[in-house]
Amino acid sequence: MTNNTEQLTPRSFIKTLTILHLALIVGPVVFAVFAYFQIQNTTIDFTDTDNSFFLIIPIFAIGAIFMGNLVYKKLTAEISKISGLKQKLMRLQTASLIKFASVEAPALFSVVVFYITENMAFLLIAVVLIFYFFTLRPTKVKIENLLALRGEEKSQFNKMDHPIS
């Protein structure tokens with residue numbers, strides 16, 4: 001009996017993390033485009049002080065991003081204590097997903113509020129969050145710098161198509 005499970009390579013890890021990032025960013029983008037074209041009479045009004053969403057959205061966005069970054073930093077700070085490149089990459093993937101979700105949630109919520117209120121101010125907030133989310137796109141250089149790989153692990157990570165042991 002042969003084992004048909006695919007071996008983890010640096011290239012497949014980066015590809016998987018990039019696909020996860022893309023999958024999470026597509027939701028708010030597609031919904032924002034859909035909502036924008038569905039609404040006939042949009043306004044942009046930052047002066048509506050009775051609208052509690054002007055308080056809720058920024059607090060939720062800042063809080064979610066802050067908490068996501070806090071958890072991300074905590075998880076990635078412990079990576080240096082982990083032995084083995086494969087385990088380090090799995091920890092990084094978990095930390096990255098948490099960070100991605102902490103940006104996606106407020107962006108999606110902002111689009112929902114835009115759809116409900118028809119106020120473009122909330123769509124603008126969502127667009128800013130989506131652009132920030134885009135800057136979080138994983139790359140080989142970002143991963144190398146974060147993990148601060150040395151010696152054998154760095155050599156192993158630079159062999160893009162070789163399985164990680």
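**View 1. E153 in helix α6.** E153 counts as buried, with a relative accessibility of 17% (buried: under 20% relative accessible area; exposed: over 50%; partly exposed: in between; 1.4 Å probe, protein chains only). This is a predicted model, in which local features need pLDDT of at least 70 and side-chain atom pairs count only at pLDDT 80 or more, while totals for chains, interfaces and linings use all residues. Residues are numbered from 1 along each chain as its sequence is written, and side-chain values use heavy atoms, with hydrogens and water left out. Helix α6 covers residues 151-158 (helices are DSSP runs of H or I, at least four residues; strands are runs of E, at least two; numbering starts at the N terminus). Beyond its neighbours within four places in sequence, E153 is in contact with G84, L85 and K88 (contact: heavy atoms within 4.5 Å).

**View 2. The crossing of α3 and α6.** The two axes come within 10 Å and cross at roughly 70° (axes: lines fitted to C-alpha atoms, for helices over the stretch in contact; angles: 0 to 180 degrees between N-to-C directions). That makes α3 roughly perpendicular to α6 (under 35 degrees is roughly parallel, over 145 roughly antiparallel, 65 to 115 roughly perpendicular, the rest oblique). From α3, L85, K88 and L89 meet E153, Q156 and F157 of α6. The residues of this contact divide into 3 nonpolar, 1 polar and 2 charged (Ala, Val, Leu, Ile, Met, Phe, Trp, Tyr, Cys and Pro are nonpolar; Asp, Glu, Lys and Arg charged; the others, Gly among them, polar).

**View 3. The crossing of α3 and α5.** Here the axes come within 12 Å and cross at roughly 110°. Helix α3 is therefore roughly perpendicular to α5. K88, L89 and L92 of α3 make the contact with I143, L146 and L147 of α5. Its residues divide into 5 nonpolar, no polar and 1 charged.

**View 4. The largest nonpolar core.** This core has 28 residues (a core is a set of buried Ala, Val, Leu, Ile, Met, Phe, Trp, Tyr and Cys residues joined through side-chain atoms within 4.5 Å). F13, L89, L92, F133, I143, L147 and F157 touch the most other members. At least two core residues come from each of α1 (10-38), α2 (53-77), α3 (85-117), α4 (120-135) and α5 (140-147). Helix α3 supplies the largest share, 7 residues. F157 touches P10, I14, L85, L89, K140, I143, E144 and L149, leaving out residues up to four places away in sequence. A second, separate core has 12 residues, V113, F114, F122 and A126 among them.

**View 5. L123 in helix α4.** L123 counts as buried, with 8% relative accessibility. N51 and L123 are 72 residues apart in sequence and 15 Å apart in space, C-alpha to C-alpha.

**View 6. The protein chain, with 6 helices and 0 strands.** From the N terminus on, its elements run α-α-α-α-α-α. The radius of gyration is 20 Å, well over the 15 Å that the globule rule gives for 165 residues, so the chain is more spread out than a compact globule (radius over C-alpha atoms; rule: 2.2 Å times the number of residues to the power 0.38). Its C-alpha atoms fill a box of roughly 60 × 35 × 30 Å along the principal axes. Of the 165 residues, 39% count as buried. Among contacts between residues at least 6 apart in sequence, 78% join residues at least 24 apart.
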